[in-house]
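Please look through the sequence and the model shown here before reading on.

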Amino acid sequence: MKFSISREALLRPLQLLNGVVERRQTLPVLSNVLVVADQQGLSLTGTDLEVEIVSHLALEQIETAGAITVPARKLFDICKSLPDQSQIEFSVQDQKVHIRAGRSRFSLATLPAAEFPKVEESQQDLSFSLTQGQFKRLLDRTAFAMAQQDVRYYLNGMLLELSPGLLRSVATDGHRLATCSLPLAHESASTIRAIVPHKGIVGLGRLFDDSDTPVQVVLGSNHIRIKTGDYIFTSKLVDGKFPEYERVIPRNGNKVIVTNRLQLREVLHRASILSNEKYRGVRLTLSDGNLQVTANNPEQEEAEENISIEYQGAALEIGFNVTYMIDVLDVLSNEQVQLTVSDPNSSALVEEFGEKGDSLYVVMPMRL
């Protein structure tokens with residue numbers, strides 16, 4: 001195998017692949033990236049057997065076709081360290097990959113391409129299309145609420161729910177819940193649910209931008225496959241039943257607070273400095289036109305903040321994990337935010353104020 005390619009063409013694909021590849025593997029070849037050069041161009045593949053990313057690149061010059069696997073992290077670090085606009089020459093000799101760029105020379109160990117595994121494909125059940133910007137919005141608005149290492153394994157990922165005319169993303173860690181929806185025309189006449197694992201969602205977040213580049217999604221019984229631009233992303237699905245999230249969305253709140261989103265975020269952030277480092281609790285005290293935010297810690301330190309709000313009603317005290325609240329305010333974009341609560345023991349519903357938004361958030365209260 002022998003070919004040449006620019007440094008810039010390699011950098012982004014290798015960065016994405018390294019987000020999937022595990023450095024410490026029981027199977028050594030999984031620490032490598034599969035490099036295939038032929039007349040169709042250059043193909044780079046990385047996988048951990050759960051998630052797989054394939055990148056296709058055009059080749060300006062190819063002398064000899066071939067396939068080999070190379071240590072993913074070392075290849076990326078080499079390319080990243082080379083000067084801008086470098087032209088990189090790859091060649092394979094004596095079971096080693098030789099890399100040349102200007103006066104730099106590198107020799108990397110390899111493993112045979114035949115040892116490289118591929119994620120199995122399952123039967124295609126449903127396909128639909130949207131844009132990268134639309135998919136990225138679904139991820140950005142909900143991914144933060146995913147659990148990461150919960151024993152309830154079905155929470156360690158994001159639910160994609162297809163219902164007639166709608167695509168919704170849902171994530172929860174048991175203490176908070178985030179949902180985002182968008183209108184979508186597709187072939188499904190019934191509701192279909194798929195849980196994409198945490199690592200797959202993180203990989204997709206790196207892959208997408210805010211563009212109108214089309215994304216084709218294929219949902220199978222065990223896998224999801226996404227094609228966009230020069231990338232093919234495949235992930236196994238979590239085999240489990242996601243909670244009936246609709247049941248935990250509070251619909252009977254009678255105390256509605258409207259305030260400036262950024263100001264509320266700043267107030268919560270400042271109060272959080274003196275909150276208990278373990279429990280991160282803050283107390284919200286509602287009164288006519290005012291929201292008082294207080295926090296304290298075992299060192300007897302205290303913080304008190306006040307912010308003007310649109311609220312007229314009975315006084316109320318309720319506690320929340322301040323990090324959960326700030327996370328929600330970070331992903332919203334409207335100037336005004338609306339919080340709806342009913343009593344100190346009920347969850348808060350957080351949403352954008354004004355036009356009917358596409359996102360809903362539920363944050364459970366804390367006892368302080």
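Which residues does Leu-42 touch, not counting residues up to four places away in sequence? In this predicted model, where contact means heavy atoms within 4.5 Å, Leu-42 touches Phe-3, Ile-5, Leu-10, Val-35, Val-36, Ala-37, Ser-55, His-56, Leu-57 and Leu-59. Residues are numbered from 1 along each chain as its sequence is written. Local features need pLDDT of at least 70 and side-chain atom pairs count only at pLDDT 80 or more, while totals for chains, interfaces and linings use all residues, and side-chain values use heavy atoms, with hydrogens and water left out.

Leu-42 is also one of the three residues, with Leu-10 and Leu-268, that touch the most other members of the largest nonpolar core, which has 95 residues. Such a core is a set of buried Ala, Val, Leu, Ile, Met, Phe, Trp, Tyr and Cys residues joined through side-chain atoms within 4.5 Å, buried meaning under 20% relative accessible area (1.4 Å probe, protein chains only).

By an automatic or database domain assignment, the chain is divided into domain 1 (2-115), domain 2 (126-246) and domain 3 (249-366). Between domain 2 and domain 3 about 1300 Å² is buried, 43% of it from carbon and sulfur atoms; this is the accessible area (1.4 Å probe) that two parts lose on being put together, summed over both. On the side of domain 2, Arg-141, His-175 and Arg-176 lose the most area to domain 3, together 41% of what that side buries.

Across this interface there are 5 salt bridges, each a side-chain nitrogen of Lys or Arg within 4 Å of a carboxyl oxygen of Asp or Glu. Arg-141 forms a salt bridge with Glu-352, with the closest N and O atoms 3.2 Å apart.

Technical notes: Buried means under 20% relative accessible area, exposed over 50%, partly exposed in between (1.4 Å probe, protein chains only).
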